[in-house]
Structures are given as structure tokens and as C-alpha cells.
Amino acid sequence: MIRVKGLTKVFASGTKALDGLDLEVESGEIMALLGPNGAGKTTAIRVLSTLSGFDAGEVISAGYNVDSDGEKVRQSIGVVAQQTGVDYLLTGRENMMLQGRMYRMTTNDIKARIDELASYFDLNEALDRLVSTYSGGMRRKLDIATALIHRPQLVFLDEPTLGLDIKSRKMLWAYIEKLNKELGLTILLTTHYLEEADNLSHRVSIICAGKIRVVGTPEELKSGVKGDSVILEFENSEPATQAAANALGEQDFIKEKVWEGNKLRLYVENGSASVARIAQAAADNGVVIKSLSLSQPSLDDVYLIHTGTSFESNEEEGADEWWKQWAGKGGGGGKWSKQWDQQEDDAGGDASLTDGSSGEAEANEGSNEGSKEKPSVAQSTDGAAEQPWPQQSEWKQGDDAGSGQWGQGEWGKGDWSKDGSGGDNRKDGK
Amino acid sequence: MLADTWHLFGKYMRITIRMPMWSLFTLIQPLIWLVIFGSLFKNMAQLPGFPTDSYIDYFIPGVLIMTVLFGSSWSGVSLLREITAGTVDRMLVSPVSRVSIVLSRILHSAVQVVLQVLIILIVAALFGASITLNPFYLLLGMLIVFFLAVAFAALSNGFAIALQREEPLVMIGNLMTLPLMFFSTAMVPAAFMPTWIQNISLVNPINYAVESVRAVLVGDIELGLYAKGLVVLIVFAGVTLAWAVNTFNALRD
């Protein structure tokens, strides 16, 4: 149904919205494009639905090339955008009627189709009321019904449940699933709700900075995460604690550690067995743990690993840039920034890294629409001491303009790759 | 394409009818013009060489044309709103022709303006202005109104896409309409103008619109003068329309 290869799109402003995106969607499946704000989800949908042009790559949508067969693509797809575009001063029926006209259907056909869709979506009673009187959930249903008027086989849903309450969201999920099961529609939906992707889709593509990072069924993705995770929250957030906590994360039974704000997430093989060891290790290191919780792998973890540090950094790189530097220089930004300044010279790696990240976390907070993940990732993986944070380095190299400067500047990757165990280092220093 | 245009036009008309307050407001302004300017320049009609006995009679065509300009220059603003609301995207992902999207908007704007102008004419006649109410000449007058409205709605839509923002669009709208009104015989006969303004008025389509409307609605009928204006306006509307359609066709991010 959809085949995208090397899709690249650069906006006039110079922002690279899509950066060599590859995507394949099979007939009859629900594919979720999951990613943070600004990852390129909407842009991808716009290209696939012929609304946007692109700079490089090959795009087949609904079986047709969007460049040469745009008209056929438009005829075969249904699009439900974030901004819905139904007219509020028309009734539901009038909106659907007009939509049918736009697809050059006959009057009788449109009427039959409206009846059909209205019963399908339980819109019969509301059909002759002005859309301005509809509730959010009803309007969304009308959006989808309207987009289906011409019986498309491929439907794009851009953030279909954004801004809806839980009840309406679940209701909408049921409809979307039904559309796929009963009518065999192929659906490409974008979302930044993890549970939406998890519940609804056959496969999930995690997109970040205009690239697909990973594709798979939710189960596959979850099983790709290294075991369970233990989340630690500490009594105080002093640097000493932080350093000790980092040291904690370096133990060999811990596969990966990720900072989420002032919580530390440790990935381990066997969660329940590790709890005691972690508690013991914490005591040995003199760290007071405030709370400790154990969690099974979820899509949350997959998401965090794949979008990790670059969370939203691609959104406004230029704008963020001054901020990062400012925060990094100890301008009073990050929670620990003062301390990191002092340690920048002697401790090296981890300190400055975490510093930058925490500053960035702050910088991003404004635009961070309700998502809880904080971007301070410090992954220590698989004993590759030379390159302890492969993802971080990949991000820095891969990202253009803004962050690149940051990455290669005062805390270039050389800084922290020459001494992988920054935490230990700092502990010694204390 | 014609069918597309017709259906979209129907949608816009339907929406307009559901906002009666808005249409009412657009009528108030020209009536205020009529009262204010009518009193302000009342004595001008006494000057030797003034073409009509009452200033109101002279000024009516000017008020009609002002209504056209102010009415149709808003078209672009609502296009920007439709872009923001996603309505335009919804049309663009359908097989509807792009030309129809622009045409239906402009057509709607022009028809709406013609209706407003007719209402103002009736009100003015009730107030005692001596206007020709012969249906044939009325129709000729409305043709001028229609083409001028098409032209300015086209300009407004074209600038809307070129500028992408409401504020500069409104500014340009004001910049286009007000000075051009004064560079025409809407308020003051050509004989009373300084030469340089007379020269500008010769290339000002609004001036031709005012003169043509006056030629068929007020005083003696002058079909020759009317025809000249009609030709100018058809050309003007054609050029601006082509530009607007072109700009819209190029719209792709």
C-alpha cells in the first residue's frame, strides 16, 4: 500500500523535516507512526497524501507514485488531519454531502453512503445539527466518517485522538479497529500516545528527527528491550547522590541506565532478583533511595531508548542552541549545572554530558506537551567502554546544524568516550 | 471543474446565509459613509460646474464602489482562516481542481457584494436619492460591480497566499482601497482635481468603475462611457483572476 524510500524533505526555513525516511505499510494493516512532536510524523502524512512536495526519495502511496499519479492517489485515500476542516456552520450531513461532491460521486450514491456511515458511527441523531454543536468526540467521528465517504482503501489518521478525553479516545479506538477488521482498511496513524500505538496497531514505526528508528509489532519491540527495569528515586538530588547513583548503574548486572529527570531507570535481566542487589549496592555507595519500583518492558521503554536524547531537539534546533550553551556554561539553567561546571575539568565525560542534558531538558520543557519523558539519557551499554553511549554519539553526528556544533564543541564525544565510567571517576574525585 | 466550483460556491453561500449578522454589519458602513460624506460635501454641489444638483446623487456610485472594495477585500482573510482550519487541505487531498477552490471563493465574494450593493441602492432610493431604477441599467451597473468585486477578491486571495499572514494582508487591503478611492471621481469631479491626480485616475480601474456606474445609474445615460469602463474592468478582473489562480496553484510546502 505504501512504500517510501529515502524520503527527504527540507523546509524553506532550512529545517530538515524528513531525513531519509523509509516506510512500508502492507495492505490491511494498521501502522502507527510513533514519535515526539516535531519528529516528522505530520510531514510524512502530508507527503503521502500529496499535500507536500519533497526533495528526495521515492514515495508510493495507495499503490501510486505521488509525483506522477497524484490524482490517482487523491482518489484512493482518505485523510483525517489534525485540523479537521469540517465546516462548523454546516450540518454533519451537509459536510458529508459536500465531501461526496468533491469526490464526484452521484447524489444517490452519496445519500446511501451517508446513511451507511451515520449508522456505522452512531451519528444518525446528530446528522442534521450544525457541527458547531458537536462534542469533540462526535466531531472526530464525523471527521473520520466524512473522510470515508468515497470508500478509500487507505486512510491516514493524523493524531486521531489528540485532545479527547479517555472515554472518547477508547470509543474511537474501537471504531478504528472495527474499520480495519470489518472493512479491511489499511490505516496509517500518527500518535505520540504510546498506549494508542500499543493497543491499536499491528506494527509500530518509531520516528525521530525525520528518520524511522525501529519498526516492529509492539510485542517485538518490547521484547527487544533488555529485560525488566527498576526505577529509583533518590532522597536528595545532590551531585554526590547523582554520582553515586551513576556508579550504581555501572554494575555488571545492569544492562543500561537512563536518567529521567531525577529518576534513574536501570534495565536488568531479572527485575525481582535485582531489587535486593540494587538496594544493597545503594547502601554500599551511601545513596539513600526514596522509592524503588519495578516495571515490565513496555512500549514506553522502547520509545525512550529510540527517541532518547534527541527528544524534541530536532524541533527547534536553532532556537535551542543558545539555550544549551547558556545552560551548559552554568548560567543557572539545569538543576545540577553549577556543580557540573566545577567538575567539568577534572571529571570529564559523564558530568558534562549529564549537565548538557539536564539543561536541555529544561530548555525543552516549554514545548514538551505533557509528555513525561525527560531526555537525559546516559546509556552505558554492553561493556563497550570505548563508546559507552553509542546512541548519543550517533545522534550528535547525525543531527545537522544546531546540535552538531554542540556535540563537537567543548564536550565533543572524545571527551566522554575516552573515559567511559565517568561516574566512577567522579566518585574517586570525591 | 464547473461542477466543483458550483458545489463549493454553494457551501460558501450557505455559510454566509447562516451568519446574517455579518452581512448586516457590512451594510452599516456604506450607509455611514453616505451620511457623513453626504453632509460633509453637501455644499460642493453649489459650486459652478458641479454635474448634479445634490451631492448625494453624485456620491451614490462612489459609495457603491466603496462597498465593493471593502466587501471583497476580506476574501483573502477568510482564505487564511480556512487554511488554518484545515478546510483547504481537505479540499486539496480530494480530486477537486485547485482552480475551482479559488474560483468558488471569488465568485461567492462577488455575488455577496452584488447583493449588498443592491440593498444599499434600495435604501438610498428610499432616502430620496434620484437613481435610475430601470432594471436594464441596473443590470449593467451590477455587471461593473461584479467584475470589480471579482478583481479585488482575486487580489485579496492572491496576496493572502503570497503573504501567508492576516496582518500584512489587511494593511495591503487598506492601502489598495482608500487611496484608490481618492484617486477617482468617487467624491470629487475630475474638473475639481489637480492635474496629477487626474492623470493617476486615468490608470485607476476604480475610477472607471465609478464612472461607468454613474453613467448608467445617475443623471443622463452615457453608454459610450459605460462600455469603456466595462472593457477596462473585464480586463482587470481577468488579469487579477489569472494571477490569483496561478498563485494558488503554486501553493505547496
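Q: Which residues of α10(B) are buried?
A: This is a predicted model. In α10(B), the buried ones are B:Pro205, B:Ile206, B:Asn207, B:Tyr208, B:Ala209, B:Val210, B:Ser212, B:Val213, B:Arg214, B:Ala215, B:Val216 and B:Leu217.

Q: How many of the 13 residues is that, and what does it say about α10(B)?
A: Twelve of the 13 are buried, so α10(B) is largely enclosed by the rest of the structure.

Q: What length does α10 of chain B reach, first C-alpha to last?
A: Helix α10 of chain B, residues 205–217, reaches 18 Å. That is close to the 18 Å expected at 1.5 Å a residue.

Q: What about chain B as a whole? How many helices and strands?
A: Chain B has eleven helices and zero strands. Along the sequence the pattern reads α-α-α-α-α-α-α-α-α-α-α.

Q: And what share of chain B counts as buried?
A: Of its 253 residues, 53%.

Q: Where is B:Ala45?
A: B:Ala45 sits in the loop between α2 and α3 of chain B.

Q: Buried or exposed?
A: B:Ala45 is buried, because its relative accessibility is 11% and the cut-off for buried is under 20%.

Q: How far is B:Ala45 from B:Tyr58?
A: Their C-alpha atoms are 8.6 Å apart. Along the chain, B:Ala45 and B:Tyr58 are 13 residues apart.

Q: Switching to pockets. How much space is in the largest pocket?
A: About 1,200 Å³.

Q: Which residues lie nearest its centre?
A: B:Met19, B:Trp74, B:Val77, B:Ser78 and B:Arg81. The lining of the largest pocket has 50 residues.

Q: Which elements give two or more residues to that lining?
A: From chain A, α5 (136–147). From chain B, α1 (2–17), α2 (20–40), α3 (55–72), α4 (75–85), α6 (98–126) and α8 (166–182).

Q: How do the lining residues divide by type?
A: The lining of the largest pocket has 20 nonpolar, 23 polar and seven charged residues.

Q: Over to chain A. How does β13 of chain A sit, buried or exposed?
A: Five of the six residues of β13(A), 263–268, are buried, so the strand is largely enclosed by the rest of the structure.

Q: Which way does β11 of chain A pair with β13(A), parallel or antiparallel?
A: Antiparallel, over six bridges. Strand β11 of chain A covers residues 228–234. A:Ile231 has A:Arg265 in β13(A) as its bridge partner.

Q: And β12 of chain A with β13(A)? How many bridges there?
A: Six bridges, in the antiparallel sense. Strand β12 of chain A is residues 254–260. A:Glu256 has A:Tyr267 in β13(A) as its bridge partner.

Q: What is in the hairpin of β12(A) and β13(A)?
A: Two residues lie between the strands. In that hairpin, A:Gly261 takes a positive phi near 65 degrees.

Q: What about β9 and β10 of chain A? How do they run?
A: Strands β9 (203–208) and β10 (211–216) of chain A run antiparallel, joined by five bridges. A:Val204 stands opposite A:Gly216 in β10(A).

Q: Which residue in the turn between β9(A) and β10(A) has a positive phi?
A: A:Ala209, at about 50 degrees. The hairpin of β9(A) and β10(A) has two residues between its strands.

Q: Which way does phi go for most residues other than glycine, negative or positive?
A: Negative.

Q: What phi does A:Arg104 have?
A: A:Arg104 is not a glycine, yet its phi is positive, about 55 degrees. A:Arg104 lies in the loop between α3 (92–102) and α4 (107–120) of chain A. With a relative accessible area of 46%, A:Arg104 is partly exposed.

Q: And A:Asp122? What phi, and where does it lie?
A: A:Asp122 has a positive phi of about 55 degrees and is not a glycine either. The loop between α4 and α5 of chain A holds A:Asp122. At 58% relative accessibility, A:Asp122 counts as exposed.

Q: Last one, α10 of chain A. Which residues are buried?
A: In α10(A), A:Gly271, A:Ser274, A:Ile278, A:Ala281 and A:Ala282. They cover an arc of only 100 degrees around the axis, so they sit on the same side of α10(A).

Q: What is on the face turned away from the buried side of α10(A)?
A: The exposed residues A:Ser272, A:Ala276, A:Ala283 and A:Asp284. Just after α10(A), A:Gly286 takes a positive phi of about 70 degrees.

Conventions:
Residues numbered from 1 in each chain as written. Chains lettered and ligands numbered in written order. Predicted model: local features only at pLDDT ≥ 70, side-chain atom pairs only at ≥ 80, totals over all residues. Heavy atoms only, no water. 1 Å grid on protein atoms, 1.4 Å probe; cavity = no way out; pocket = protein on both sides within 12 Å on 5 of 7 lines; lining within 4 Å. Points joined across faces, edges and corners; volume = space filled by probe spheres on them. Helix = DSSP H or I, 4+ residues; strand = E, 2+ residues; numbered from the N terminus. Nonpolar A, V, L, I, M, F, W, Y, C, P; charged D, E, K, R; others polar. Buried < 20%, exposed > 50% of the residue type's maximum accessible area, 1.4 Å probe, protein only. Arc of directions from axis to C-beta. Pairing = 2+ DSSP bridges. Expected span 1.5 Å × (residues − 1).
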